[in-house]
Amino acid sequence: MNDAEPDIILQTRNLKETYMQGKVPIHALQGVDLEVRRGELVSIVGPSGSGKSTLLSIIGMLEIPTEGSVFIDGIEVTGVKTKAIPRLRREKIGFVFQHFNLLPALTALGNVEIAMRFARVHKKERIKRAREVLTEMGLGDRLNHKPSEMSGGEQQRVSIARALANRPAIILADEPTGEVDTKTRDLIVGILRRLSDGGQTVIIVTHDPWVAERTDRVITLVDGKVENS
């Protein structure tokens, strides 16, 4: 356990990530300290190569940092055994990707339902929950459509529904508006805002100043360091 305030859902301490590019060490993160409160809608911005995606991957337990700690819901996720990481990731993190990452052979319902199979949720409950979250996304009439039969905005809403399926502590959205038009961008940001207002913690990596301006707080990364938060 850590000593953060009860409403702090995410805390990073002295996060460092160094990798080798040939014989040259690249310092992707250089001592990042962050705190995010429950229900916050936070954006992470910065130039290309500033460490945004690396930070998101470490928070999402997709990478292990060279040094430092990540606490989610009071659990030091960087300190758990490797075999426990997939379960923790399913329980604590929901991912929304720029490229949607939907399975083309499955319907919208199937793409959301499959996220719960790995959590061993009973099939009847999986289908019920998938219908609920897709309906919340305004896709109640698109349940049986495959990704190829949906617009980019509809696919991204399926991706958000999938991220919500297991009721995660935090939604991590990596450029969620990067491949949609401005009308759909506005819709997706509105959905993420509504989720935050309802108590869901959402962290967005974005290059779009319009998106960042509509979050509760902007965290700027430059050369692997937090410039402001």
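**Note on the predicted model**

1. Overall dimensions. Along the principal axes, the C-alpha atoms of the protein fill a box of roughly 50 × 40 × 40 Å.

2. Basis of the values. This is a predicted model, in which local features need pLDDT of at least 70 and side-chain atom pairs count only at pLDDT 80 or more, while totals for chains, interfaces and linings use all residues. Residues are numbered from 1 along each chain as its sequence is written, and side-chain values use heavy atoms, with hydrogens and water left out.

3. Composition and surface. The protein has 7 helices and 10 strands; helices (H or I, at least four residues) and strands (E, at least two) are DSSP runs, numbered from the N terminus. Of the 229 residues, 50% are buried, where buried means under 20% relative accessible area, exposed means over 50%, and partly exposed lies in between (1.4 Å probe, protein chains only). The accessible surface of the protein comes to about 11200 Å², and carbon and sulfur atoms account for 50% of that area. Accessible areas come from the Shrake-Rupley method with a 1.4 Å probe; for residues, only the protein chains shown count as cover.

4. Contacts along the sequence. Among contacts between residues at least 6 apart in sequence, 70% join residues at least 24 apart. Contact means heavy atoms within 4.5 Å.

5. The sheet of 6 strands. This open sheet has the order E6-E7-E8-E3-E9-E10, with mixed pairing; two strands pair if DSSP finds at least two bridges between them. Strand E6 (93–96) and strand E10 (225–228) stand at the edges with a single partner strand each, so one side of each is left without a neighbour in the sheet. Direction ignored, neighbouring strands of this sheet are turned by 25° against each other on average. Axes are lines fitted to C-alpha atoms, for helices over the stretch in contact, and angles run from 0 to 180 degrees between N-to-C directions.

6. Strand E3. All 5 of the 5 residues of E3 (residues 41–45) are buried, so this strand is largely enclosed by the rest of the structure. In general, the side chains of a regular strand alternate between the two faces of the sheet. In E3, Leu41, Ser43 and Val45 point one way, and Val42 and Ile44 point the other way. E3 pairs in the parallel sense with strand E8 (residues 201–205) over 4 bridges, and Ile44 stands opposite Val205 in E8. E3 also pairs in the parallel sense with strand E9 (residues 217–222), over 4 bridges; here Ser43 stands opposite Val218.

7. Strand E7 and its partners. E7 (residues 170–174) runs parallel to E6, to which 4 bridges join it. The bridge partner of Val96 in E7 is Ala173, and that of Ile93 is Ile170. Another 5 bridges join E7 to E8, again in parallel, with Asp174 opposite Val205 in E8. E7 is mostly covered, as 4 of its 5 residues are buried.

8. E7, helix H6 (residues 182–197) and E8 make a right-handed β-α-β unit. A crossover is right-handed if, with the strands pointing away from the viewer, the path from the first strand over the helix to the second runs clockwise.

9. The sheet of 4 strands. A further open sheet has the order E2-E1-E4-E5, with antiparallel pairing. Strand E2 (24–37) and strand E5 (75–76) stand at the edges, each with a single partner strand, so one side of each has no neighbour in the sheet. Strand E1 (residues 8–21) and E2 run antiparallel and are joined by 11 bridges; Thr18 stands opposite His27 in E2.

10. Positive phi values. Asp73, in the loop between strand E4 (67–72) and E5, has a positive phi of about 55° although it is not a glycine. Asp73 is partly exposed, with a relative accessible area of 26%. Phe100, in the loop between E6 and helix H3 (108–117), likewise has a positive phi, near 70°, in a residue other than glycine. Phe100 is buried, with a relative accessible area of 9%.
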